[in-house]
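These are my notebook entries on a single chain. I set down what I looked up, entry by entry.

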Amino acid sequence: MKKIVWSRPAIRGLKNIHSYYLTKNEKYADRLYRQIYKEVHLLADFPFLAPVESLLSGESETYRSLVVEKNFKVIYYIEDEVINIVEIWDCRQDPDRLKESIK
């Protein structure tokens, strides 16, 4: 089992997604938050569950992206015994912004 470490941008991204949906539908916001959190914790036992993120090829790390609820990606990389969660990404955004967000 690997340790999971959340970056500040990933925590902020998850909170922003939750806050946004709270204004629309509180039940959905809470369910989505729990679903993302649950899926991230699957990575502790199955770190290679998600494919390599093609939008981030050529970066210094090999980033993977786990899709949650069709529209969100958990962006992470594996380093020894640690899963580093670097971003929670809404796939409906401009894909070029993803590279900017992980730097």
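Predicted model: local features only at pLDDT ≥ 70, side-chain atom pairs only at ≥ 80, totals over all residues.

**Entry 1. A residue in a strand.** I began with N84 and listed its contacts beyond four places in sequence: V5, I75, Y76, Y77 and E79. N84 is placed in strand β4. Is N84 buried or exposed? I find a relative accessible area of 10%, and residues under 20% are classed as buried, so N84 is buried.

**Entry 2. Confidence.** I checked pLDDT before reading further. The chain averages 93, and 100% of the residues score at least 70. Which element has the lowest mean pLDDT? I find helix α3, residues 96-102, with a mean of 77, whereas β1 has the highest mean, 98.

**Entry 3. Elements and their order.** I counted three helices and four strands in the chain. Followed along the sequence, these elements give the pattern β-α-α-β-β-β-α.

**Entry 4. The sheet.** I then asked in what order the strands are arranged. The four strands form an open sheet in the order β1-β4-β3-β2, with mixed pairing. The edges are β1 (3-6) and β2 (64-68), each of which pairs on one side only. On average, neighbouring strands of the sheet are turned by 30° against each other, with direction ignored.

I looked at one pair in detail. Strands β3 (residues 72-79) and β4 (residues 82-90) run antiparallel and are joined by eight bridges. Within this pair, I noted that F72 has D90 in β4 as its bridge partner.

**Entry 5. A helix on the sheet.** I examined helix α1, residues 8-22, and found that this helix lies across β1, β3 and β4. Its angle to β4 is about 35°.

**Entry 6. Nonpolar cores.** Which members of the largest nonpolar core touch the most other members? Of its 21 residues, I recorded W6, I36, V74, I85 and I88. The elements giving two or more residues to this core are β1, α1, α2 (26-42), β2, β3 and β4. Another core, of eight residues, lies apart from the largest one; its members include L56, Y63, Y77 and V86. As a general remark, nonpolar side chains tend to be buried together in soluble globular proteins.

**Entry 7. Two positive phi values.** I looked up two loop residues. K70 sits in the loop between β2 and β3, and its phi is near 65°, positive although K70 is not glycine. The relative accessible area of K70 is 74%; the cut-off for exposed is over 50%, so K70 is exposed.

D80 belongs to the loop between β3 and β4. Its phi is near 55°, again a positive value in a residue other than glycine. With a relative accessible area of 68%, D80 is also exposed.

**Entry 8. The chain as a whole.** I compared the radius of gyration with the globule rule. For 103 residues, a compact globule would have a value near 13 Å; the chain has 13 Å, so the two agree. The C-alpha trace spans about 40 × 30 × 20 Å along its principal axes. Buried residues account for 40% of the 103 residues. Finally, among contacts with a separation of 6 or more, I noted that 46% join residues 24 or more positions apart.

Technical notes:
Residues numbered from 1 in each chain as written. Heavy atoms only, no water. Pairing = 2+ DSSP bridges. Axes fitted to C-alpha atoms, helices over the stretch in contact; angles between N-to-C directions. Contact = heavy atoms within 4.5 Å. Core = buried A, V, L, I, M, F, W, Y, C linked by side-chain atoms within 4.5 Å. Buried < 20%, exposed > 50% of the residue type's maximum accessible area, 1.4 Å probe, protein only. pLDDT = per-residue confidence, 0-100. Rg over C-alpha atoms; globule rule 2.2 N^0.38 Å.
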